[in-house]
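Biologist: I have a model open and a few things to ask about it. Can we go through them one at a time?

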Amino acid sequence: MTLLLLRDAQRPARQFQLSRPVIIWVPALAILSISTLVVSLQVRSAHVISKLETNLAAQSLQLEITVSDKEKAIALLENEVMKLSDQAVDMKERIQRMSELEHQLEEFIRKYDPDSSTKETGKNTPISWDGSGSKGGQWIAVHDQQKLMPGRELKDDFEEIQEMLDAMEKSVPRTLNRAEDARKNWEQQRQARLLQARRLELSREGKPSLWPTAERRLTSSFGYRRDPLNGSSAYHAGIDIAGRIGDPVYAAGAGTIKTADQMSERGKYIIIEHQNGLQTWYMHLNGMNVSPGDQVDKGDLIGQLGNTGRSTGPHLHFQVVKQNIPVDPLLYVQ
Ligand SMILES: [Zn+2]
């Protein structure tokens, strides 16, 4: 093969003689080397791409794990918030129950101590809570953006609980003080009533009311009469009750033995001092069972009927003295 190279008109043309193998091999070698270069580049890029792909997959997996972890954590936190929210409801319920108890205490105080101030109690009437009672309302779905709501509500709940506790912290000691005052007041009233009842009982016990002998027949009444010994008119300061020597004589009421003695006119005689300046006198006794200072109850045996002193026969002279003045015994003994 001949290769002819033509240049400017003044310059001669050149001519190259090329052998057949050169014409075949030179282009063949060139094509081969270019192909080799292309193939090698492709192999390399494929390798790089696959490496990048692997990296990317690893990163995305990592990312996926992270996201799923975060989701789990959020779910856990949501769960915790719900639990806390339940606890908040429970706490509110318990505080309301306590408030209810305080209210009952107020009622109690008002019942036993009506004088205690009732002005401030009315406004603190607690809202009652019944979780099992009737409920209703529109259903509103919770969207993702609202997932923070429970946390906010929880904060409100705890603030409310805080306020309730603050209020109770102030009101409970006050209520307890009032309860204590009411108790003291009531106790004082009770003591006063008991004392009064005891005084009344004592005065009833002390007041002579029992007929002093078994025999109920009178031989002489209270007041002015003809004296049984000298026949002249005289004042009889008691009553004479018939009987036989040795008949039991009883205390007409509870009291203290003032005198148990013997005198020429009265014979053996006993004076019992009762409550309210009252005395009972028992005269002409045959025997005496008591001594001065002895305490006796109503109906106690104090002596025996007799005929001692200025007497015409066995009888009991019974006399009641009120503030040192003899009074009709029949006004007292039945
Ligand atoms: Zn008499």
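Biologist: Which residues form the nonpolar patch on the surface?
Modeller: This is a predicted model, and in it the patch consists of Ile24, Trp25, Leu29 and Leu32. Together they have about 470 Å² of accessible area.

Biologist: Take Leu29. Where does it lie, and is it buried or exposed?
Modeller: Leu29 lies in helix H1. Its relative accessible area is 53%, so it counts as exposed.

Biologist: What span should H1 have, and what do its end C-alpha atoms give?
Modeller: H1 has 93 residues, so at 1.5 Å a residue it should span 138 Å. The end C-alpha atoms are 137 Å apart, which agrees.

Biologist: Which residues of H1 are buried?
Modeller: Among them are Ser85, Ala88, Lys92, Ile95 and Gln96. Further along, Ser99, Glu102, His103, Glu106 and Ile109 are buried too.

Biologist: Which residue forms a salt bridge with Lys92?
Modeller: Asp157 does, with the closest N and O atoms 3.0 Å apart. The pair links distant parts of the chain: Lys92 is in helix H1 (residues 20-112), Asp157 is in helix H2 (residues 149-206), and they are 65 residues apart.

Biologist: Are the two partners buried or exposed?
Modeller: Asp157 is buried, at a relative accessible area of 12%. Lys92 has 16% relative accessibility, so it counts as buried as well.

Biologist: How many salt bridges does the structure hold?
Modeller: Ten. One of them joins Arg310 and Asp227, whose side chains meet at 3.2 Å, N to O. That pair links distant parts of the chain, 83 residues apart: Arg310 is in the loop between strand E13 (301-304) and E14, and Asp227 is in the loop between strand E4 (223-226) and E5.

Biologist: And how accessible are those two?
Modeller: Arg310 is at 36% relative accessibility, so it counts as partly exposed. Asp227 is at 9% and counts as buried.

Biologist: What about Arg217, which residue is its salt-bridge partner?
Modeller: Glu215, with 3.9 Å between the closest N and O atoms. Glu215 has a relative accessible area of 29%, so it is partly exposed.

Biologist: Back to E4 and E5. In which sense do they pair?
Modeller: They pair in the antiparallel sense, over four bridges. Arg226 has Ser233 in E5 as its bridge partner.

Biologist: How many residues sit between the strands of that hairpin, and which one takes a positive phi?
Modeller: There are six residues between the strands, and Gly231 takes a positive phi near 80°.

Biologist: Last topic, the metal. Which residues coordinate the zinc ion?
Modeller: His236 through NE2, Asp240 through OD and His317 through ND1, at 1.9 to 2.3 Å. Along the chain the donors follow the spacing H-x3-D-x76-H. The two histidines link distant parts of the chain: His236 is in strand E5 (residues 233-236) and His317 is in strand E14 (residues 315-322), 81 residues apart.

Biologist: Are those histidines buried or exposed?
Modeller: His236 has 4% relative accessibility, so it counts as buried. His317 is at 7% relative accessibility and counts as buried too.

Conventions:
Residues are numbered from 1 along each chain as its sequence is written. This is a predicted model: local features need pLDDT of at least 70, side-chain atom pairs count only at pLDDT 80 or more; totals for chains, interfaces and linings use all residues. Side-chain values use heavy atoms; hydrogens and water are left out. Donors are N, O and S atoms within 2.8 Å of the metal (3.2 Å for Na, K and Ca); water is not among the atoms, so sites may look incomplete. Buried means under 20% relative accessible area, exposed over 50%, partly exposed in between (1.4 Å probe, protein chains only). A salt bridge is a side-chain nitrogen of Lys or Arg within 4 Å of a carboxyl oxygen of Asp or Glu. The expected span of a helix is 1.5 Å times one less than its number of residues. Two strands pair if DSSP finds at least two bridges between them. Patches are made of residues with over 30% relative accessible area and no salt bridge: like charges are joined within 9 Å, nonpolar side chains (Val, Leu, Ile, Met, Phe, Trp, Tyr) within 5 Å. Accessible areas come from the Shrake-Rupley method with a 1.4 Å probe; for residues, only the protein chains shown count as cover.
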